[in-house]
Amino acid sequence: MTIDLENINVILATDCGSTTTKAILIEKIDGQYRQTYRGEAPTTVEKPFANVTIGVTNAVTEVGELAGRKLTNEDGTINQPAQGDDGCDLYISTSSAGGGLQMMVAGVIAEMTAASAKRAALGAGAIVMDVISTNDKRRPHEQIQRIRELRPDMILISGGTDGGTTEKVVQLAELIAPAKPQPRFGSEYEMPIIFAGNKMAASEVELALQEDWIDLAIVENLRPKLEQENLGPARDKIHDVFLEHVMAHAPGYDMLMDWADAPIMPTPGAVGDILQTIAKKENINVVGVDIGGATTDVFSVFEGTFNRTVSANLGMSYSISNVCAEATMPNVLRWVHFDMDERQLRNRVKNKMIRPTTIPQSLESLIFEQAVAREALRLAYIQHKEFATTLKGVQQQRTVGDTFSQQTGGNTIVNNMTLNLLVASGGVLSHAPNMNQTAMMLVDSFEPEGCTDLAKDSIFMMPHLGVLSAVHPEAASQVFERDCLVYLGTCIAAKGLGKEGKLCFNWTLSGDVNASGTCNFGDLELIDMTPDQTATILCDPVRGFDLGAGNGKKVSHEVRGGTVGLIIDGRGRPLGLPEDRQQCQMSMKTWVENMALYEEIDVAVATA
Amino acid sequence: MAHAYTPGLKVTNRMKHSAVRMLPIKGDVMVKVGDSVVADQIVAATYMPGDVYPLNMANLLAVPPKDVLSLMMYKEGHKVEKGEPIAETPGIFGKFKKKYNSPYVGTIETVSDVTGQVILRGPDIPVEVKAYITGTVTDVNPEIGCTVESDVAFIQGIFGIGGETCGTIKFAVESSDETLTASSITSDMKGCVVIGGARITDDSIEEARKVGAVALIGGGMDDQDLKEFLGYDLGVAITGSEKKGITVIVTEGFGDIAMANRTFNLLKRFEGHEASVNGATQIRAGVMRPEIIIPIESGDSEVEKEHEGGYLEIGKSLRIIRDPYFGIIGTVKALPSEPHVLGSGSKARVLEVELKTGESVIVPRANVELIEE
């Protein structure tokens with residue numbers, strides 16, 4: 001259907017999550033699109049309702065009541081088009097209900113075509129359950145056993161550049177056919193398999209996968225040359241298959257697809273789309289993070305290249321125990337500025353895991369949860385940096401100067417020094433009692449360098465805006481800038497290491513705020529700058545420190561204020577905390593005080 | 001009124017319980033509707049296709065892939081023994097032939113002339129499904145499985161380790177707040193489902209395993225002890241497949257926490273009865289909790305109301321499930337409607353709880369669960 005963008009004044013968007021369906025209303029006010037009302041209701045995919053549209057109608061009804069606008073008809077459908085104070089002109093939706101989209105991918109070489117296939121699947125918003133490749137160090141029968149155990153919604157096979165290996169690609173297909181993976185939706189479900197590999201191997205692959213339980217689709221090679229990735233066709237096909245097969249098996253989605261004016265997208269795919277749109281429009285590098293109870297999604301756009309990773313078992317409730325196991329308790333506790341009993345903490349972590357909806361009551365409990373969050377975010381970002389790399393396997397011209405360099409391609413494209421904007425979303429970041437805590441969780445775990453703006457997604461509307469950006473980019477970017485992001489402030493951080501207390505850099509701030517100061521190694525300082533204030537900061541680092549212009553070179557940055565202000569971070573990069581527990585606690589205590597993170601901790605409560 | 005958080009744990013003295021017993025693939029169902037079965041009786045069996053062994057025959061014989069088919073000594077579907085020759089090169093003038101002997105017992109499934117790969121399928125793997133609970137077969141799904149139904153007393157735990165087992169209920173403690181230690185485990189507990197009170201200690205698990213107890217049930221356990229028992233730090237709460245020789249279930253949570261009196265008393269009432277237990281736990285979409293199922297005589301005795309959460313009302317008994325008051329029992333004293341600023345600085349809806357000591361504390365509504373004392 002064609003949409004007349006000129007006549008769209010009222011937009012309704014929903015995001016059907018695993019537990020909650022969130023609806024927002026966007027209205028054109030004085031020629032500008034603004035998000036005006038929001039509502040939510042429990043998602044109704046599971047029994048006894050088993051129909052996603054019931055939750056959608058409930059959430060939309062709540063928005064309608066708040067807005068004084070009749071958005072639903074008597075039969076629960078969406079009231080379209082808008083007439084006077086009733087109805088809406090456009091309805092769009094995303095979904096991650098029922099566990100989202102779960103995929104298995106396969107490629108010939110783990111670091112090359114299999115990595116590209118994984119990027120395509122993640123970029124489309126999927127959870128990648130496993131990556132099978134000929135060099136993944138598992139023996140073929142172990143790979144087959146693994147394929148048997150998984151219950152994916154679809155499989156993506158890549159492998160071989162165009163005109164390259166055929167044999168290895170067909171071998172992959174020959175592993176999948178006898179394994180006969182069981183889909184989540186029961187034995188009647190035809191397993192969609194997308195082949196996006198060497199086009200010369202397509203007919204052989206088709207032959208190898210000629211089974212009545214397979215629905216094979218062949219698309220353009222996602223790695224036609226070693227130097228080139230072509231993820232678009234595979235991603236589009238994944239979205240098509242998601243709609244045709246996966247969503248069609250989720251209760252009520254056929255009806256929801258009828259209601260929506262644009263294809264329903266997987267929630268993380270939509271978040272990726274809005275971040276790409278903004279990065280392109282502003283010509284900036286962006287990192288976004290969404291930390292949930294079970295998983296942490298990291299999105300990045302550097303020099304126009306988009307990457308997304310899902311850390312499946314890093315989260316704050318269902319996965320909190322896994323964060324502590326992976327990070328280890330000493331690493332979690334280094335972010336806590338007082339003593340805690342480890343045996344007791346271990347029990348607390350497990351109790352949170354088995355009763356995931358409880359909330360921290362005491363300050364001590366909150367501080368511990370935020371320490372866990374720092375480690376979850378840090379680990380998720382490490383995984384993201386390892387994944388978001390330049391293409392591996394590409395021949396590189398090397399000069400004499402590179403003789404002693406060990407780099408062989410596949411370097412991370414994530415560069416914290418060129419990062420312009422870091423966006424936070426997810427419970428522990430969004431619902432922190434004060435935003436200084438949100439800002440410091442971001443700074444401590446992502447370690448931005450140079451000058452970086454910090455923001456948070458006010459009410460997690462990035463998924464809605466992602467779908468909207470595909471239909472109405474102007475409305476999406478207006479709402480994103482005005483209503484979606486809450487700017488926390490700017491972080492100025494020096495890269496490099498030095499001696500505690502020795503000069504790191506001098507700075508001078510001029511503009512709406514005028515100030516100057518000295519930042520010694522180990523210092524962390526907060527300068528008041530309100531959201532409407534901007535200024536230019538001139539930094540003069542000593543040798544060994546870089547703030548964006550190079551080692552020891554002066555640099556100036558435009559900085560903006562926010563609900564937190566301007567953070568001057570002289571703790572160095574990579575950020576290392578003192579090994580000695582007592583010394584670490586002392587440093588943390590100073591930083592906590594300087595950043596006004598927490599009120600005085602009640603020792604009686606801490607030991608209760 | 002507000003709904004109290006509850007993990008939805010069911011504790012009841014009588015209910016109809018159906019256990020669906022299914023084969024992973026089609027096979028033989030050995031029972032018919034109306035049959036009486038006991039817990040460890042096999043009700044269905046089948047053979048799973050064996051493991052798959054791909055053999056890169058082209059490489060093994062050093063020939064092009066397209067020649068492999070003609071060099072195979074047997075066709076697809078032929079059964080071969082370990083060490084039996086399955087492919088042979090023609091050699092030169094009939095000499096210097098190269099044979100390849102099968103490294104496994106199995107059946108030749110496919111031979112590819114594109115990749116030169118031979119897929120050898122190992123012998124079928126027998127799979128047996130037991131009744132799990134003593135009862136009557138009420139439904140048979142031909143070639144797939146059956147449903148066993150029984151009147152049971154049913155208790156859900158909150159976390160468990162290990163899979164299905166059954167045994168006689170035997171108590172190792174006197175009261176619900178008694179810690180279970182190794183000294184309480186005796187040799188006559190072999191084959192038994194052993195009941196503790198509050199915390200299960202690591203030495204009690206070890207001793208129970210030594211004497212041959214099939215399961216250990218208690219109020220709580222320390223995570224440190226769980227780590228030592230498993231040999232690793234459990235990250236994701238998906239359990240049930242551990243092969244530790246014993247199934248362990250905690251009914252309340254982690255730490256030194258007494259078993260709820262209602263659960264303890266119900267188990268006490270059925271001391272000496274057979275119980276089927278399963279420690280499998282999954283805390284995520286499709287929640288699965290560990291269970292203790294005690295088949296009882298069918299009859300008309302009064303069915304107690306199930307304990308499955310409910311509404312917070314003044315005077316109701318509850319337990320606080322989060323620090324700083326974790327495990328403390330009290331009653332609802334007041335339900336202020338306005339959000340309250342917590343010690344953490346967050347705003348949340350709260351309730352006032354009167355503790356048994358007479359003291360009152362303010363607690364977020366998300367941090368309590370209703371109990372019946």
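Trainee: What makes the eight strands of chain A an open sheet, and what is their order?

Mentor: The order is 13-12-11-14-15-16-22-19 in chain A, with mixed pairing. Strands 13 (305-311) and 19 (524-527) of chain A are at the edges with a single partner strand each, so one side of each has no neighbour in the sheet. The twist averages 20 degrees from one strand to the next. This is a predicted model; local features need pLDDT of at least 70, side-chain atom pairs count only at pLDDT 80 or more, and totals for chains, interfaces and linings use all residues. Residues are numbered from 1 along each chain as its sequence is written.

Trainee: Why are strand 15 and strand 16 of chain A said to pair?

Mentor: Pairing requires that DSSP finds at least two bridges between two strands. Strand 15 (residues 450-457) and strand 16 (residues 485-493) of chain A have eight bridges, in the antiparallel sense. A:T452 stands opposite A:C491 in strand 16.

Trainee: Which strands of chain A does helix 14 touch?

Mentor: Helix 14 (residues 435-446) of chain A packs on the sheet, touching strands 11, 14, 15, 16 and 22 of chain A. Contact means C-beta atoms, placed from the backbone, within 7 Å.

Trainee: Why is strand 12 of chain B said to lie largely in the open?

Mentor: A residue is buried if 20 or more other C-beta atoms lie within 10 Å of its own, exposed if 12 or fewer, and partly exposed in between; C-beta atoms are placed from the backbone. Of the six residues of strand 12 (residues 125-130) of chain B, the number buried is zero, so this strand lies largely in the open. Strand 12 of chain B pairs with strand 5 (residues 42-48) of chain B in the antiparallel sense over six bridges.

Technical notes. Chains lettered and ligands numbered in written order. Helix = DSSP H or I, 4+ residues; strand = E, 2+ residues; numbered from the N terminus. Axes fitted to C-alpha atoms, helices over the stretch in contact; angles between N-to-C directions. Contact = placed C-beta atoms within 7 Å.
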